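User: I have a structure here that I would like to understand piece by piece. Please take my questions in turn.

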Amino acid sequence: MNPFVYPCGESAITFDLGGPIDAQRNSTILSMRKNILADPFPGLVDVVTGYSSLTLIYDWPILHAQLSDPAKSYQHLERYLTDIYNATNKHDTVQEILHRIPVCYDPLMAQDLVTLSDQLKLDAAEIIKLHHEAVYNIYMIGFLPGFPYLGLLPDKLFSERKRTPAKVPAGAVAIAGRQTGIYPFSSPGGWNIIGRTPVTLFDPSKYPPVKWQAGDQVKFFPISHDEFNQYQDP
Amino acid sequence: MSIRIVKAGVLDTVQDAGRHGYSHWGINPGGVMDSFAASVANWLVGNQESTAVLEMHFPAPMLRFEKDALIALCGADLSPAINDVPVSNWQPLLIKKDAVLSFRKPVWGARCYLSLKGGFSIDPWLNSYSTNLVVQAGGWRGDKLQTEDAIPFEGKNLPVNALHASSTNFMRLPWKVKYEHIYDIDERIPFTSGPEWDQLSEQSRILMVKSAFEIGSSSDRMGYQLDGPELFREKNVQMISSGVTFGTMQLLPGGKMIILMADHQTTGGYPRLGFIAGTYLPRLAQSGIRSVLYFQLINLIEANQMMADRLRENQLLKKNCFENLNSFYAMHGYQL
């Protein structure tokens, strides 16, 4: 892994492990975030993790008030991130919580399954089986509140995004590239929809509002249309 | 007792400095588009800069104050009037119960902030009063304001003697904040280069700093879609999604640029060409659709220097606002 660090404007800095996307880079980043938050420096506003990078966002006035040499703020943060990286166990696995998610793969809920079947040269039943057999890691949450980027899909399911994004209903389960994901809210989306979950994925009246985080795992299991309609959130 | 929305505007939302620290749940921070105008509006009425304000666009709302209030309006000049008498932005206004605030026509800028001494009496969500329209939480019921909504506020500790001595519905407090230099439209907008800047062709890098870019009609609080020359990367290196910030300049697949604004999502997968200098975000926030922008590449040292200078100015400005308000209160026998 070859880390590189770069500024993102004057109020953020990114530590990047580059590609390819893999579990080790991802868990290293997640461990680094945990270590940073165990003792956050004054002025730290957020630590945003991607697949293989983390971005520190800080309050410019508070950070600069701490530094003995404010003109060297970038070098200071670069050193800080390098220290965190060096102190992080690269083989640490973040605590694994498994979320079992029911999915209805019925044609009515799987708008893109037919076109996908043509593209991948697999029949729908095969796609569905491959999709729910695997256990996925949540690499990151982004794009929408609660949206999990799950991976990695088996090679046979590698697909292109749709050329024209379409309106996607809340709960839609979709795939694109080597990822699968679930839309917690209705949104325009370019991923291929293969099913829908009746689970409420984001509830602002609860704390935490979303049950999962990067580092957790997800396994899908198929349910019928009737079970979908009768589902009640616990 | 509340602010009654007599007639809702096109997009009025309660905002503060944003809901930060929740990117692990993908919750976008949101918050005000123009942090300078929102901060000054708060300082003028004796609030800390982080107090929630109402962000309004044009057409703006018509509001009735169901009790006395100390308010300020900063940002876009939308021709505000109290009971049809024109008032100014950037100045504290003491207003009487049942006064009606309206906005007649847009003169300059894109969003105007209304502050209220003591803020609103509403509940935060995840430590912030910013409205998140995607999840429909925060602010006022997670939504933009609707006609007939009534937002409660306390409005305690007002110098009511001064107010009731006046025969009109309101009183202008005799000081105004100078703001024009923050929003100078003749200036090029500085940006620092992003990690994918070097992947742009040399011609694209030249076009970026020489060409006019126009803020396109589908621009909004999430981002400004720019109309301008198409830009190209010489090498199409595969992008991996990562954290993005307010002011990130992304290159979209067709060669167009987008500048991420206040309602940006927490992560993005497009090439990052640059980052708008923090001190110019308020100027950008007040640039409406069809505004023409020119960019200028600067380095991080310069960007930091501008932040330091602006911080010093703002500290002085805040101090002056509080001192003026203090004196006014004292003069009328009150304590701030």
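User: Where does B:Pro59 lie?
Analyst: Happy to start there: B:Pro59 sits in a loop of this predicted model. A cis peptide bond joins B:Phe58 to B:Pro59, with omega about 5°. Helices (H or I, at least four residues) and strands (E, at least two) are DSSP runs, numbered from the N terminus. In those terms, the loop of B:Pro59 is the one between strand E3 (53-56) and strand E4 (62-65) of chain B.

User: Which residues does a cis peptide bond join in chain A?
Analyst: Most peptide bonds are trans. The exception in chain A involves a proline in the loop between strand E2 (12-16) and helix H1 (23-38) of chain A. Omega is about 0° there, and the bond joins A:Gly19 and A:Pro20.

User: Is B:Leu126 buried or exposed?
Analyst: B:Leu126 has a positive phi of about 50° although it is not a glycine, and its place is the loop between strand E10 (108-116) and strand E11 (150-152) of chain B. Buried means under 20% relative accessible area, exposed over 50%, and partly exposed in between (1.4 Å probe, protein chains only). At 11%, B:Leu126 is therefore buried.

User: And B:Asp84, buried or exposed?
Analyst: B:Asp84 also has a positive phi, about 70°, without being a glycine. Its loop runs between strand E6 (80-82) and strand E7 (85-86) of chain B. Because its relative accessible area is 57%, B:Asp84 counts as exposed.

User: How are H4(A) and H5(A) oriented: roughly parallel or roughly perpendicular?
Analyst: Helix H4 (residues 113-120) and helix H5 (residues 124-133) of chain A pack at about 90°, with their axes 9 Å apart. Axes are lines fitted to C-alpha atoms, for helices over the stretch in contact (heavy atoms within 4.5 Å), and angles run from 0 to 180 degrees between N-to-C directions. Angles under 35 degrees count as roughly parallel, over 145 as roughly antiparallel, 65 to 115 as roughly perpendicular and the rest as oblique. H4(A) and H5(A) are therefore roughly perpendicular.

User: Which residues of H5(B) meet H1(B)?
Analyst: Helix H1 (residues 35-44) of chain B and H5(B) have axes that come within 8 Å and cross at roughly 25°, so the two helices are roughly parallel. H1(B) contributes B:Phe36, B:Val40, B:Trp43 and B:Leu44. Facing them in H5(B) are B:Asn314, B:Leu317, B:Lys318, B:Cys321, B:Phe322 and B:Leu325.

User: What separates the C-alpha atoms of B:Ile5 and B:Ser201?
Analyst: B:Ile5 belongs to strand E1 (residues 2-7) of chain B and counts as buried, at 0% relative accessibility. Not counting residues up to four places away in sequence, B:Ile5 touches several residues, including B:Met62, B:Leu63 and B:Leu145. B:Ser201 is 196 residues apart from B:Ile5 along the chain, and their C-alpha separation is 52 Å.

How values were computed
Residues are numbered from 1 along each chain as its sequence is written. Chains are lettered from A and ligands numbered from 1 in the order in which they are written. This is a predicted model: local features need pLDDT of at least 70, side-chain atom pairs count only at pLDDT 80 or more; totals for chains, interfaces and linings use all residues. Side-chain values use heavy atoms; hydrogens and water are left out.
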